Amino acid sequence: MKQFMDKDFLLSTPTAQHLFHDYADKMPIVDYHCHINPKEIAEDRKFENITQVWLGGDHYKWRQMRTNGVDEKYITGDASDREKFQKWAETLEMAIGNPLYHWSHLELQRYFGYNGVLNGDTAEEVWNLCNAKLQEDSMSVRNLIRKSNVTLICTTDDPVDSLEWHKVLAEDDTFEVKVLPAWRPDKAMNIEKPEYLDYLKTLSDVSGITVNSFASLMDALRNRMEFFASMGCCVSDHALEYVMYKPYTTEEIEKIFAKRFAGETITVDEMNKFKTAFMVSVGKEYNKLNWVMQLHYGTIRDNNTLRYNQLGPDTGYDCINTYDCSAEMAQFLNALNITDELPKTIIYSLNPSVNAAIGTVLGCFQDSKAVGKIQQGSAWWFNDHKVGMTNQMTSLANLSLLGNFIGMLTDSRSFLSYTRHEYFRRIMCELIGGWVENGEYPNDEKALEKIVKGISYNNAVRYFGFDVK
């Protein structure tokens, strides 16, 4: 029997162990998509206790605590941090096979030096150990990032954001890790939302361009893109229910905008045409700026209305949308490609059943402007576990070029989540090592080193064009 989560955790063959320990594990991390707060980096925050780090805003853990029958008081309510930690420790006992079990113990091992098992009985011991460790200067936000061997971070930022904390960080010579903004214009696109007109007023104020038409909306967004670019931004990101394409005319879009601007309700068909026009328009701007466009889709959000009314969005009530939009996605990419204005694009679906469809769409729009110009993103959200990652990489290998894959991202709000890169790299090395051991790929040291280091780090640096040491 193997020891619990030892140095060869998830690595079952000598080749997998060699690829991980000698190559993957030594590579730095570039975190090109996350949701951490740049203010906390700028201020070099220190956390008071492990609950603040682990349970504050982590809807992955909240879902499982609810599944274990834990009262909301101990999840998002007014229970003490110690009580919340106890409930999480008790929940973790039941999480056999869940990636949260592995993530939690990797974080305890790597950041706190705890190699035991967290459960209801050991919660007090772990609570005391972690909280004592968190008081050390080595556990400040900046030092956690350094300890994790991170060279660059892209946060997630709205077009109206001032990016004031990015400016502070850019001018701070004492912190060597680059922290760049990433463009997330969902609020400017979601014309159906009740707060849309209020958002347009804010965008008008920030950009200095009065937004009263679709054309002026694009002018205002171009203004903000120029500002974001001046702050080092080279990545956009879109949270979509699905990647749509509904044919439209310029006149139609202006009429739809005018209708909504007047406070009238628009139809679903009008909304879809507007969003198509929006995505095509910003996609062309990304191409001009040489920005990467990220498309995250396949989710149904805020399913529990009772809890949404109590707690708001991003609290653990989202699920997979099984609608396959591959045909429309291909049409959308083609609409940009037909005029040679398709930017580098990363496609993530929350629905794992469309891995193969994505893999075939990629091949339709590749060209010599970039290696792996159109990418399938890493297994995302409900798929970032051993089975999901293995299936995503296997499908990508079957239908595209796995060796050009840009690898893992944290997509997290936690400064301890960098161990997810280790988790991913172990799974990747196990997969590749298995193919070598089985005679499906030669034991070519030079080629394997290039592939493993590339997927771990080098491919993403090249793809995004990041200037890192």
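Helices in this tour are DSSP runs of at least four residues, numbered from the N terminus. The model you have open is a predicted one.

**Stop 1: helix α12**

Select residues 214-230, which make up helix α12. How far apart are its end C-alpha atoms? They are 24 Å apart, and this agrees with expectation, because 17 residues at 1.5 Å a residue should span 24 Å.

Now colour the buried residues of α12: Phe 214, Ser 216, Leu 217, Met 218, Ala 220, Leu 221, Arg 224, Met 225 and Phe 228. What covers them? Show α10 (186-189), α11 (196-207), α13 (250-261) and α14 (268-289), which are included in that cover.

Before leaving, click on Gly 232, which follows α12. The phi of Gly 232 is positive, near 95 degrees.

**Stop 2**

Asp 137 sits in the loop between α7 (123-134) and α8 (141-147), while Lys 46 belongs to the loop between α2 (38-42) and α3 (50-54), so the pair ties together parts that are 91 residues apart in sequence.

Lys 46 has a relative accessible area of 35%, which means partly exposed.

**Stop 3: Arg 66 and Glu 72**

Move on to Arg 66 and zoom in on its salt bridge with Glu 72, where the closest N and O atoms are 2.9 Å apart. Buried here means under 20%.

**Stop 4: Lys 133 and Glu 136**

Select Lys 133 next, and you will find a salt bridge to Glu 136. The closest N and O atoms of this pair are 3.4 Å apart. Lys 133 is partly exposed at 26% relative accessibility, and Glu 136 is partly exposed with a relative accessible area of 35%.

**Stop 5: a network**

To finish, select Asp 219, Arg 222, Glu 285 and Lys 288 together. Salt bridges that share partners join these four residues into one network.

How values were computed: Residues are numbered from 1 along each chain as its sequence is written. This is a predicted model: local features need pLDDT of at least 70, side-chain atom pairs count only at pLDDT 80 or more; totals for chains, interfaces and linings use all residues. Side-chain values use heavy atoms; hydrogens and water are left out. Helices (H or I, at least four residues) and strands (E, at least two) are DSSP runs, numbered from the N terminus. The expected span of a helix is 1.5 Å times one less than its number of residues. Buried means under 20% relative accessible area, exposed over 50%, partly exposed in between (1.4 Å probe, protein chains only). Contact means heavy atoms within 4.5 Å. A salt bridge is a side-chain nitrogen of Lys or Arg within 4 Å of a carboxyl oxygen of Asp or Glu.
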